[in-house]
Amino acid sequence: MKGVSQFMSRAAASVVGLAGLVIAGCAAFPDAETTAKNTEQMVTDAHTLGAPALIRRSVQDTSQRACSMIGGSEGSAKLSQEQAASLVKTARDSIQYPASGKLSGDWKTGAQLVTDGRGQRIVNGQVEKLPGNGALCTNCHAMDPTEVNAGDVGPSLVAYGKQRGNSEAVARYTYERIYNAWAFMPCSNMPRLGTNGFLTPEQIAHVVAYLIDAGSPVNRQ
Amino acid sequence: MNLSSRAAAICAFALALATGSGPVTAQSKPEDGLALGRKMLAEDNPGDLWVERGQRLFTAKRGPKNASLEKCDLGMGPGVVKGAFAQLPRYFADTDKVQDLESRLLTCMVELQGFKREDIIRTRFGTLDRDSDMEALVSYVGAASNGLRMNVRLTHAKEREMYKAGEYAFYRRSGPLDFACVTCHGESGKRIRLQDLPNMTKAEEMREVVATGWPAYRGTHSTVRTMQHRLYDCFWQMRLPDLGFASDLSVALTAYLNYSANGGEIKLPGVRR
Amino acid sequence: MAEPMKIRALLKGDVADIRVLVAHSMETGQRRDAAGNLVAAHFIHSMTVTHNGKPVYDGQWSQAVSRNPVFAVRIKGARVGDKVVVSWTDNKNDKRTDEVSVAAG
């Protein structure tokens with residue numbers, strides 16, 4: 001496959017770049033297949049505490065595996081057309097909607113969710129006990145322009161709704177993008193929050209409202 | 001008495017926090033305050049107290065075998081701490097494994113001093129109720145390389161194997177948030193909330209992170225944390241299962257990261273939020 | 001048993017900059033341990049500094065000072081080699097005294 005061979009040659013180039021001196025001086029590194037086998041065993045051995053369902057979190061699904069290429073995988077640049085199409089289809093097929101059909105919920109509930117960075121963390125094999133997960137949004141995105149404590153790993157979402165409006169189409173796009181960002185941009189840094197079960201469809205709808213509602217702090221300025 | 005004295009008992013960490021969360025003006029980026037706070041802390045690093053306690057622990061006869069760690073070979077010969085941090089992780093013939101500083105100290109505490117492995121692992125991270133011997137020993141050994149440069153070598157086949165495993169793990173996405181290390185540490189100048197994220201694919205940033213980073217006194221934890229704790233904490237935030245202390249996976253990541261920091265001038269312990 | 005302080009004393013001009021790292025839990029009496037029990041207050045209440053035997057600082061501290069605090073004093077009119085002695089006493093009557101000589105800055 002063309003995409004794979006491209007990826008292989010890039011990986012090889014990056015090895016030479018990083019460790020050229022070593023390669024020149026002595027024996028070679030193990031091949032990619034051996035490394036994958038070794039490391040997967042190490043991952044298995046590294047996690048011993050907790051119920052099997054928690055331990056299984058470190059096992060990759062097919063999409064995660066495809067997005068784990070050496071050298072980074074943000075965006076679709078390093079994927080072949082077929083790989084990208086397959087990832088998008090898998091992502092799109094996974095999207096589910098709230099039973100109520102309402103894709104935009106209550107922005108005030110959303111406001112609580114977006115700044116909450118907690119949920120699902122494990123210590124000594126136990127998951128933290130919370131009524132529900134935070135949505136983690138401001139870890140990476142600016143949303144309310146008056147909030148300083150926001151990250152910038154993801155793009156700023158200030159005035160998101162002001163720029164796009166709050167039509168049904170915008171609500172649907174926003175909902176789907178949060179539910180599974182890989183349906184739009186395979187291997188994006190953005191977690192597949194709905195597909196992975198981190199957020200419920202209702203929680204995602206509240207976050208959508210926070211982004212597009214005219215009354216939300218996101219769109220007030 | 002022609003003395004005038006000015007005294008200030010400073011709650012240094014409360015001060016640093018106040019600097020970080022103060023009003024942000026148009027001229028100053030939010031992280032400027034954090035950088036200033038870190039600079040203030042670096043001048044009087046409480047981690048130095050861990051270095052001194054670590055030295056006392058290293059030379060004291062302890063454990064069921066009533067032995068010191070002065071026969072512990074950290075890669076520079078028995079009991080030699082100077083330069084040890086600079087070349088770790090490395091391959092050790094007696095264990096037939098690549099080991100980082102923590103896993104090697106664990107071996108020495110078990111083999112030379114007769115401590116139980118599970119006891120050392122249970123107390124690996126200090127709490128407000130109980131100091132950790134491991135955190136003190138790592139501080140002492142780390143500081144003993146101050147002024148030297150990172151020089152991790154990949155001469156043994158197992159060292160190359162660990163390096164490649166660490167690289168693979170760095171890019172491996174998993175868990176309910178689909179994160180790999182590279183998700184947060186693949187670009188320069190980014191933040192999670194107000195926390196600066198080093199770009200670990202850039203050697204110049206890695207040199208600083210590794211050579212002046214861990215072990216580091218963490219103000220919010222009131223103790224020195226080690227690289228093993230840093231990795232454990234990342235796995236926790238990534239919603240992955242507990243990362244086993246001294247596990248091969250943890251050593252592989254450290255081998256990959258420390259190797260990329262070669263040439264960085266060591267100044268430990270660091271100071272972190 | 002109380003652990004040693006780490007003291008630096010550097011002369012700049014005729015002012016000695018004394019910086020002290022104190023190893024102390026400085027428990028406020030408000031914190032609960034992992035089992036949920038209140039941890040008894042345990043904090044330094046008296047801190048003194050002498051310069052060649054003469055007191056230059058005599059302070060009353062409280063629970064408001066942080067764990068492992070950093071403490072700084074400047075002594076005017078100091079010379080290289082002068083003896084600086086730092087002592088503390090806490091509410092459990094633990095004590096610690098350490099001394100240094102002023103060094104050229």
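I begin with one residue of chain B. Leaving aside neighbours within four places in sequence, B:Trp214 is in contact (heavy atoms within 4.5 Å) with B:Phe85, B:Val209, B:Arg225, B:Thr226, B:Met227, B:Arg230, B:Leu268 and B:Arg272.

Before going further, some conventions are needed. This is a predicted model, in which local features need pLDDT of at least 70 and side-chain atom pairs count only at pLDDT 80 or more, while totals for chains, interfaces and linings use all residues. Residues are numbered from 1 along each chain as its sequence is written, chains are lettered from A and ligands numbered from 1 in the order in which they are written, and side-chain values use heavy atoms, with hydrogens and water left out.

To return to B:Trp214: this residue is found in the loop between helix H9 (203–211) and strand E6 of chain B. Helices (H or I, at least four residues) and strands (E, at least two) are DSSP runs, numbered from the N terminus. Is B:Trp214 buried or exposed? B:Trp214 has a relative accessible area of 11% and therefore counts as buried. Buried means under 20% relative accessible area, exposed means over 50%, and partly exposed lies in between, with a 1.4 Å probe and protein chains only. B:Leu74 is 140 residues away from B:Trp214 along the chain, and their C-alpha atoms are separated by 17 Å.

B:Ser222 has its place in the loop between E6 and E7 of chain B. B:Ser222 counts as buried because its relative accessibility is 17%. Not counting residues up to four places away in sequence, B:Ser222 touches B:Trp50, B:Leu128 and B:Tyr217, and also C:Arg67 and C:Asn68.

Chain B as a whole has 273 residues, of which 57% count as buried. Its secondary structure comes to 11 helices and 8 strands. Among contacts in chain B between residues at least 6 apart in sequence, 66% join residues at least 24 apart. The accessible surface of chain B (Shrake-Rupley method, 1.4 Å probe; for residues, only the protein chains shown count as cover) comes to about 10800 Å², and 53% of this belongs to carbon and sulfur atoms.

Chain A has 221 residues, and 44% of them count as buried. There are 10 helices and 2 strands in chain A, and along the sequence they follow the pattern α-α-α-α-α-α-β-β-α-α-α-α. Chain A exposes about 11100 Å², with 57% supplied by carbon and sulfur atoms.

Chain A is divided into domain 1 (2–86) and domain 2 (107–219), bounds that come from an automatic or database domain assignment. The contact between them takes 16 residues from domain 1 and 12 residues from domain 2 of chain A. Together the two domains bury about 1100 Å², where buried area is the accessible area (1.4 Å probe) that two parts lose on being put together, summed over both. The rule finds 1 salt bridge across this interface, a salt bridge being a side-chain nitrogen of Lys or Arg within 4 Å of a carboxyl oxygen of Asp or Glu. In chain A, the side chains of A:Asp61 and A:Arg192 meet in a salt bridge at 3.0 Å, N to O.

Finally, I come to the interface of chain A and chain B. How many residues does the contact take from each chain? It takes 63 residues from chain A and 44 residues from chain B. The two chains bury about 4800 Å² between them, 57% of it on carbon and sulfur atoms. The rule finds 3 salt bridges across this interface. The side chains of A:Asp152 and B:Arg191 meet in a salt bridge, at 3.9 Å, N to O. H2(A) gives the most to the side of chain A that touches chain B, with 8 residues.
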